[in-house]
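Reader: I have a multi-chain model open on my screen and would like to go through it with you. Shall we take it one question at a time?

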Amino acid sequence: MPDGAKMPDGAAPVLDVRDLKTVFKVRGGEVHAVNNVSFDLAAGELLGVVGESGSGKSVTMMSLLGLLPSPPADVRGGTVTFEGEDLLRITPEQLRKVRGGRIGFVFQDPMTSLNPVFTVGFQIMEPLREHMGLNKRDASARAQELLELVGIPGAADRLNDYPTSFPAVCASV
Amino acid sequence: MLDDTAKPLVQVRDLQMHFPIYSGLLRRQTGAVKAVDGVTFDVIEGETLGLVGESGCGKSTCGRAILRLYDITGGTISINGTEIGAMSQGDLRPLRPAMQMVFQDPQASLNPRMTVEAIIREPLDEHTKLSTDEKEAKVGELMDAVGLNRRFAKRYPHAFSGGQRQRIGIARALALNPKFIVCDEPIAALDVSIQAQVVNLLEDLQEKFGLTYLFISHDLSMVRHIATRVAVMYLGKVVELAPREALYADPLHPYTKALLSAVPEPDPSLAQTRERIILQGDVPSPANPPTGCNFCTRCPAVMDVCSKIEPTYQEVQPGRFVACHHYETTGTADATAGQA
Amino acid sequence: MIAIALACDPKVLIADEPTTALDVTIQAQIIELMKDIRDKLGMAVIWITHDLGVIAGIADRVIVMYGGQVVEHAPVQELFRNPQHPYTRALLTTIPKISGARAKRLTVIAGQPPILGDAPTACPFRDRCDVAIPRCAKENPPRFDLGGNHDAACFVAKGPDHAG
Amino acid sequence: MKMKTLLMGAAATMAFGQMGHAEAHEGERGRDGALGIIYWQAPSIMNAYLSGGTKDIEAASLVTEPLGRYDETGAPVPWLVDEIPTVANGGVAEDLTSITWKLTEGLLWSDGTPLTSADVKFTADYCMDPEGGCAQLAKFEGVASVEVIDDLTVKVNFTAPTPNPYGPFMGNQSPIIQAAQFAECTGTRAPECTDANFMPVGTGPFVVTDFRTNDVIQLEANPNYRDPMKPAFQTVTFKGGGDAEAAGRAVLQTGEYDYAWNLQLAPDVIAAMAEGGVGTPVSAFGTLVERIEMNMTDPSPDLPEGERATAAHPHPFLSDEKVRRALSMAIDRNLLVEVGYGDAGRPTCNLVPAPEMFASDNTGCLTQDIEGAKALLDEAGWTDTDGNGIRDKDGVEMNILFQSSTNAVRQDFQALIKDWWEQIGTSVELRNIDGSVFFGGDPGSPDTFQKFYADVEMYANNFDGTDPASYLASYTCEKAPRPESGWQGENINRYCDETYDALVAELNATADLDERGRIAKQLNDMITKDSMTIVPLVDRGRVSAHANTLGGVILNTWDSELWNVADWYRVKE
Amino acid sequence: MLTYTFRRLLISIPTLLFIAFVIFMLLELAPGDPMANMPLTIPPEVKEKMRLALGLGEPWFIRFPLWLKQFFIVEPQYWIDSAFGTNFAEGAQRIISFQSRSPVFDTIAQRLPQTLWVVGMSYVVGVIIALPIGIISAYRQYSVFDQAGTFISMIGFSVPPFFSGVLLIVIFSVQLGWLPSIYDTTLVVNDWASFKLQLMQMVMPVMVLALQTTAQVSRYMRASMLDNLGQDYVRTARAKGMKESVVVMRHVLRNSMIPVITVIALGIPSIFGGAIITEQIFKVNGLGQLLIIALQGSDIPMVMTLTFLFAILIVMFNLIADVLYGVFDPRIRYD
């Protein structure tokens, strides 16, 4: 019986999730949305998570990073080891620095996941300024680099666009 | 050549649906979104015609236009021999029972304040003179037919899962014994395991009631499963129409090829080896389509002529229609003799 | 969106259904892009999806979730070639394919997905399972190691001898 | 009990007032600082000739003054003249066709120019200008001309002998305005002279410094006022708007204002406010009588338009004097007063309840007598022959349509009276009509009080000044509203009695005051006590309030409440 | 955007003309007579003369164009004349009130300051109080604070000003004697003492009115915040590791403010409409009181002009609200 999904070789995993348990408090009881989920992730590996809606795959990932609103969500147990720290035990402030800094998150619907009232550039620059302490000019340059990296042509001009004027493909990359 | 025994139930000729764009101080019409721009095809009685394409290509608009949910800009639509393209909405009303629609989002298309029974009965109230008891019996039959428990007749839509809600939508469409149903992305909002249930249901009903479907979807594998023939739309036009097997085995139009190659292959060994055609760029705006061939801006096999002359939509092999210059120049003799 | 996630050179990128709402052609572009970026930046990626086709083309390993639990875990080739959990098997047969033989009729997983409630004391898939045994209703199966870095939470599927 | 307190309060005020006079003469003008007056109806203009509203006329009385006024007893007092002209002192011509006023010497306008007889003549011309829309034109009825005899003497000529020549220039509705200021404002231009209409030059104790229409008026002591010791207050703030309750509160409870006008409030509300001990309510009675008018003609809608409610068709049952008397007997006036007016009302049987010299002593109606009313109807042959509970005679049933204007107190009254009348065997249907329609006088509307398309109606009316002659004269035959007269006319009952008409003529030819009093009482009795054409209910008085620190207030219902504001002063603690 | 604004302005011209006509005809057909409040003792023929002197003798199809001309041509000319010392108006007849016989615009100009001070201030105060209440209520949904906010809103919605106003007066003016119960419109603020007096007399009416604004706006704010807090982009912002304050005050608030700003803008015309009841209670004789007195007195020119001005304001602020929406929300494009 394994402890959970193990990496192919014996190298230390980047992320190691053990027995994660998340419960939603609802009127008249609790919903066990994530139940003793364990897996790990090796450096450079691409792990697929398959399941239908309601199977708990999104909730699992949100639990890792404390993105679920609490209440009603309550991450009950388990450990999430990332770079030697247990993400479930560190302070919210420390966890905040992990989010967007060392762990990135891409969501489903690019249209609703981007804030419609801020420019794309502003939204890319926000974490740069928050986590890497870049000034406005450097952040802008880096944002441009990133857009080029993800293959958006005319990155410099795109920075000042709002998400709505972005085609779906560009918004998601 | 089409099989002579196959009788077209729906004939669409040069259908156009343009939405005007107004601008300027006096709101003069300055252009139009050419959502559907000259579409021609038949739907043969008893078949399922799949209509595929990317979002924004006009496939949904096309479906709605055929049912005359819009006042169309041009072209003709004949259903069961009756020309309805230019009919007034009032004159259409008695014909409505024969043509129905199943919508994509069962959540949004069901009135949350009506019970399931009321939702299914509503078309009966509108279009038939059945007694209350007869209507009740009919609602029960319909619920049986789509696999909904009759006990749930008094419940409201929110009490049902997505798949069940789609069944309610189907039952409503079936209430008036239609011949022709436009299914507009009926499974897009459903989970994988539920999609199969709904598709099987649609197939069963087709067999049982002799229905004809126009099945609009962006899910090419599901269309391959359900459709007998498939039409591929790009930017308001049908670029290719062919029997299912032929289309999937040997797509003629470069767009169809790209589209098929982009479908993910649920077999890792095949997935590794498959060669993908990745289309570059964005779909142009239907308000301002490119000159010549609509696809010329993204076509991997583009030629000079493509950006100048619009290719003719023509039958290049028996039962296979395509609109591409490659088949005009390299086509067979009967292709050059083909009608406009 | 991806640009934002990549902004600070993360070690791990979690992508939650990043292509679900997109057309196939765009989905293909994104998948290619993600592969590129991963190769370039060397980060680990968790890719959440309900589309087995996407997974087949991109993942190294896969975990399958059902009812809030991991029901099967395997390297991608292994999973597709040799699915052990009945749910995984059903899932693979449910989806029609773009190529190959066309099934006359789609396989259906009967019933509805479970409504999650109290901590499960039984296998969450048992009501829809075609190989369920009485034990499935009494105990929630743990993940049995099937060898080759493959495990499945199913009493019926357990044991490497079954894997044949 | 409450009445007593009020009267004692009033008496005390009077006493203070008397003392105050002595005290007030000792100081110099403006010594008492600021005075705050609050009227819950806000003045919109300071020209008495362009407004019928009491609020406007009383506000104007702070600035402009008539030649003579009436005091709190209704007796005339000279104001800008040395004496009131009478036949006895030669001021009124023996043939009663003219009156000659002699201005007091040395009077100045607030701008320092002298007041002359030319101003008096101008005032008359201003109001009598046919284009001007003067609201006080009635005051100048029968005036043929106004002559300037010399700088201080002015003579008013009448077209006919006028036994009461005190219409023009007497009382708050007929103040003198300055010719120089209004010279360009006659006729159609009258409404356009905003400056003059808002800030008139006057002879009164105050002048306007700031006028905000429908809001507030600021005034200061007139530097050229005739008595150098007056007024005691340097400035006046005349605030308008809100409601009577708030005005009462500001004087009786918070003490923010010194004088509040006409507190039309439930008696217990005023009593509760007065407990604050900051101010005192005062009350006084005038000639405003709430009454029921009997329709002497048939208002039946079955009659052709043009004949309906005209003398051509006498009323089917109200033309029987005994019926009218029985209806009057069934009413408990004391209860009505208690319910509707409290201290601000008293039961009356007279159309002319005051002044004393004109008021009849009839009190015969004050006791309710339902049984007597029933007996009277039986005696007159009105019995219930068909057993439906409603008396009838000769096939005519006593179905009464009773209309009034929309007003809470009136609807209470209607309900009570309906009950009493139904007790004596009639059926009563009630109607109430919006005041602006009921009193609007639109000849096209079927709902005006003049048209009287009902059997009985209830409202209140009064007369200006102290002389009831023209008021009583409005009940002559020819004053009945008729289709030919565009339904205009004050004799809305269509009462017609030659004896009454003759007596009115006699009154109009009599100058002797005692004799006039006798005739007036006789006329009053004819139309009320004797014929029961008009059934008076309540004599409505007025309650105002002043701060305890304000001295000199003498509430006057015959003139402006502010008539003696020059004598008001601050009571020293 | 500019074209859109301009086009909307053009459309509002016929709209407003139609509104003017409707108001005029309503007043024309309404039962009411400027002479109704005159004492009954005034003989009818005198009343008739007075009526003619007011211009009521003319039929409506003469009076309506006359009013239009006075409103749109003569009155602006007078403004220009008084501002630049020109003489365009040349003594043309302005719109004159039946009651005060003075130009209605003079009276309106006189009333505007106190209305703006009291009603406007109450609006500002109400909004300033409402926004934090709404934000915190939404962020801490179902907390004690939220419940308290709901309670206050309920009071604001359900307690009418004629009750709350009188209650305040009884407590603070009658019992405690701290604040004046009657607003002094003549007070000139020119030093610290008079400023203090102004504040004191404004406190009660402003609070009474602000309570209502607070109730309304805080509910909108709360609902809008709740709407946005559940949006995907909030999750994105958190996933980017933004501070909670940044998430709420920048991402959520900015989006939530869009509909609230519209509501606030749409509420502004009501400031000019005055607060009839509150003005009446505290004797803040502003535009509301002016309108009600004009109505009571059948002062047709005043009622007509005031209602039409309100109509203009409502139309304009509707436009402003729409334009603001376009300015603040990049999703909206008017073209």
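Reader: Happy to start with charges: how many salt bridges does the rule count over all chains?

Author: Keep in mind that this is a predicted model. Taken over all chains, the count of salt bridges by this rule is 73.

Reader: Take E54(B) as an example: with which residue does it form a salt bridge, and how far apart are the closest N and O atoms?

Author: The partner is R298(B). A pair counts when a side-chain nitrogen of Lys or Arg is within 4 Å of a carboxyl oxygen of Asp or Glu. Here the closest N and O atoms of E54(B) and R298(B) are separated by 3.7 Å.

Reader: And how many residues apart in sequence are the parts that this pair ties together?

Author: E54(B) sits in the loop between β3 (48-52) and α1 (59-66) of chain B. R298(B) belongs to the loop between α11 (268-273) and β11 (313-317) of chain B. The pair therefore ties together parts whose separation in sequence is 244 residues.

Reader: Let's turn to the chains: which pair of chains in contact shares the most contacts?

Author: Chain D is no partner for either of two chains here: no contact joins chain A and chain D, with their closest C-alpha atoms 48 Å apart, and none joins chain C and chain D, where that distance is 62 Å. Seven pairs of chains are in contact, and the pair with the most contacts is chains A and C.

Reader: What area do chain C and chain A bury between them?

Author: On the chain C side 68 residues are in contact, and they meet 69 residues of chain A. Of the area buried, 64% is on carbon and sulfur atoms. The total for chain C and chain A is about 6,000 Å².

Reader: Which residues of chain C lose the most area to chain A?

Author: There are three to look at, and together they make up 14% of what the chain C side buries. They are M1(C), I14(C) and R61(C).

Reader: What is the bridge partner of F105(A) in β1(C)?

Author: β6(A) pairs in the parallel sense with β1 (residues 12-16) of chain C, over four bridges. In β1(C), F105(A) has as its bridge partner I14(C).

Reader: And what is the bridge partner of V50(A) in β3(C)?

Author: Strand β3 (residues 46-50) of chain A runs parallel to strand β3 (residues 61-66) of chain C, and four bridges join them. For V50(A), the partner in β3(C) is V64(C).

Reader: Chain A has a sheet of its own too; which strands stand at the edges there?

Author: Its four strands form an open sheet with antiparallel pairing, in the order β2-β1-β4-β5. Two of them have a single partner strand each, so one side of each lacks a neighbour in the sheet. Those two are β2 (29-41) and β5 (85-86) of chain A.

Reader: Which residue in the turn between β4(A) and β5(A) has a positive phi?

Author: β4(A) and β5(A) pair in the antiparallel sense over two bridges, and F82(A) stands opposite E85(A) in β5(A). The two strands form a hairpin with two residues between them. The turn residue with a positive phi, about 50°, is E83(A).

Conventions: Residues numbered from 1 in each chain as written. Chains lettered and ligands numbered in written order. Predicted model: local features only at pLDDT ≥ 70, side-chain atom pairs only at ≥ 80, totals over all residues. Heavy atoms only, no water. Contact = heavy atoms within 4.5 Å. Buried area = accessible area lost by both parts, 1.4 Å probe. Pairing = 2+ DSSP bridges.
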